[in-house]
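Here is a colleague's note for someone new to reading protein models. Please keep the sequence and the structure open beside the text while working through the numbered points.

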Amino acid sequence: MIKTIKNNHLYWDGCDTVELAKEYGTPLYVVSESAIVKECQALQQDFIQKYENVRVAYASKAFNTLAMIKIIEREGLCLDVVSGGELYTAIQANYPAEKIEFNGNNKSLEELEMALDYGVGRIIVDSLQELHWLIALCKQKQTVAKVMFRITPEVEVATHDFISTGQKDSKFGIPLEEHILFALIQQAIEAPEIDFYGLHFHIGSQLDTNETHLLAAETALKLVLTIKEKFAYDIRELNYGGGFGVRYVEEDIRQPYRYFLDPLMALTEKFCQTHQLRRPTIVIEPGRSLIAEAGITLHRIGSIKEVPGIRKYVAIDGGMTDNIRPGLYQANYTGVLANKASEKATEIVTIAGKACESTDILVKDLALPKVETDDLFATFSTGAYGYAMASNYNKLLIPAVVLVKDGQADVIVKRQSYQQLLQNEVLPNHLH
Ligand code: LLP
């Protein structure tokens, strides 16, 4: 059990969160290594060991830190990055470049060059422009790029609009229009600088039904067949993306990986058998599901304000700067008073952040025991897209991250300092 309660305190992977807050300060991200490992093992069981020719690339945008990348490598997963910064972090963690896949809808020339120089395993090309840049760079460097194309599979998913990516009107992927897609594929097949592996899609995030993955996979498989017929070319890999939903609040449904993957694999096998195709290697790219539920955030409660007859606002020492998801996607969270973890709820409060922004509300109308200043609030399921999306708005400092495991705690990201906040600021002479 990652979450336990002892002496009225919330424990996370064996660590007393009240002690963690005392030692490392707040706000504080606390991430359970055991929980991450459990997720990796579930993927091993439900996918990697169950099927031949499959791969999992952790979408590191959810939480890209040296320590996380080390865990991912140790647990036998590949890695997906989407920028020079994420790639640089992976390389600094000594992660093997050939196991890295590079996504992104607007990779710069510099980023592509970096990818080629490091020798990343796959570059997921998202546009014609990118393919041309890549061919030119490979010519220059006398090298060959291992390429997949991200397609837009034209499916509408049941999630927040802001995290839907597979619909026709999308900035991601190559449109299915034949004159666009097939022209690109032909160039990739013909260019000696390109080793064309296959197709990629990612339809959206935080999904709890498998139908849309299946629809998109069918589209991709039909393309595999068309490419064989039209170009006599065998697609070797298909990447079905990520998007597997997690549990933020009680009502959320957390489906096991096999709920998504078994039907996807069955569909793929059947299609390939029917059409006498060699089944391509299947890659998936989960981010959130590997790390979201492993993480919590600890905040200290400050001001408590009652708007008579309307609402009680309880303010924390962070908010949208360490978790922008409620403000950006109206995402729901829940939490507890970590120092009153076995006490019964007696009041309904709204947890407000400290940023100068009305949308900076972390949880609305939450039942808690009597809340007092200096209590410790723990928000659950903040491991994905929390630290990863943290900002310095209002010049608030980005919190530290502590990795916990069986009662041991290690800082994996130090708290930012005021000095660091100013390290890139320069006063021109005339303002001295
Ligand atoms: N692969 C690609 C190409 C992606 O664009 C993404 C997420 C993933 C994989 C991983 O998806 P996941 O398994 O994490 O759902 N900031 C938003 C999520 C944006 C996701 C963007 N792409 C949030 O906090 O909900």
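**Notes on the model**

1. Domain 1 (3-29 + 295-422) and domain 2 (31-291) both give residues to the shell around the ligand, so the ligand lies between the two domains. The domain bounds come from an automatic or database domain assignment. This is a predicted model, in which local features need pLDDT of at least 70 and side-chain atom pairs count only at pLDDT 80 or more, while totals for chains, interfaces and linings use all residues. Residues are numbered from 1 along each chain as its sequence is written.

2. The ligand is surrounded by 21 residues, and the closest are Ser205, Gly242, Gly287, Arg288 and Tyr385; a residue is near a molecule if its C-beta atom, placed from the backbone, lies within 6 Å of it. Helix H10 (288-291) and helix H11 (325-329) are the elements that give two or more residues to this shell, where helices (H or I, at least four residues) and strands (E, at least two) are DSSP runs, numbered from the N terminus. By class, the shell has seven nonpolar, 10 polar and four charged residues. Here Ala, Val, Leu, Ile, Met, Phe, Trp, Tyr, Cys and Pro count as nonpolar, Asp, Glu, Lys and Arg as charged, and the others, Gly among them, as polar.

3. The C-alpha centres of domain 1 and domain 2 lie 33 Å apart, and 23 residues of domain 1 are in contact with 21 residues of domain 2, contact being defined as C-beta atoms, placed from the backbone, that lie within 7 Å. On the side of domain 1 that touches domain 2, the elements giving two or more residues are H11, strand E19 (400-405) and strand E20 (408-413), and E19 gives the most, with four residues. The residues of that side divide into 15 nonpolar, five polar and three charged.

4. An unreviewed UniProt entry lists Lys61 for "modified residue: N6-(pyridoxal phosphate)lysine"; such annotations may be inferred rather than shown by experiment, and their positions are given in the numbering used here, with feature names shortened. Lys61 lies in the loop between strand E5 (54-59) and helix H3. Is Lys61 buried or exposed? Lys61 is buried, because 20 other C-beta atoms lie within 10 Å; a residue is buried if 20 or more other C-beta atoms, placed from the backbone, lie within 10 Å of its own, exposed if 12 or fewer, and partly exposed in between. Not counting residues up to four places away in sequence, Lys61 touches Val82, Glu86, Gly287 and Ala388.

5. Helix H4 (residues 84-92) has Glu86, Leu87 and Ala90 as its buried residues. They cover an arc of only 100° around the axis, which puts them on the same side of H4, the arc being that of the directions from the helix axis to the C-beta atoms. The buried residues of H4 pack against helix H3 (66-74), strand E6 (78-81), strand E7 (100-102) and helix H5 (109-118), whereas Gly85 and Gln92, on the other side of H4, are exposed.

6. The annotation "active site", again from an unreviewed UniProt entry, covers Cys356. This residue, Cys356, is placed in the loop between strand E16 (347-352) and strand E17 (361-368), and Cys356 counts as exposed because it has 8 C-beta neighbours inside 10 Å.

Technical notes
Contact = placed C-beta atoms within 7 Å.
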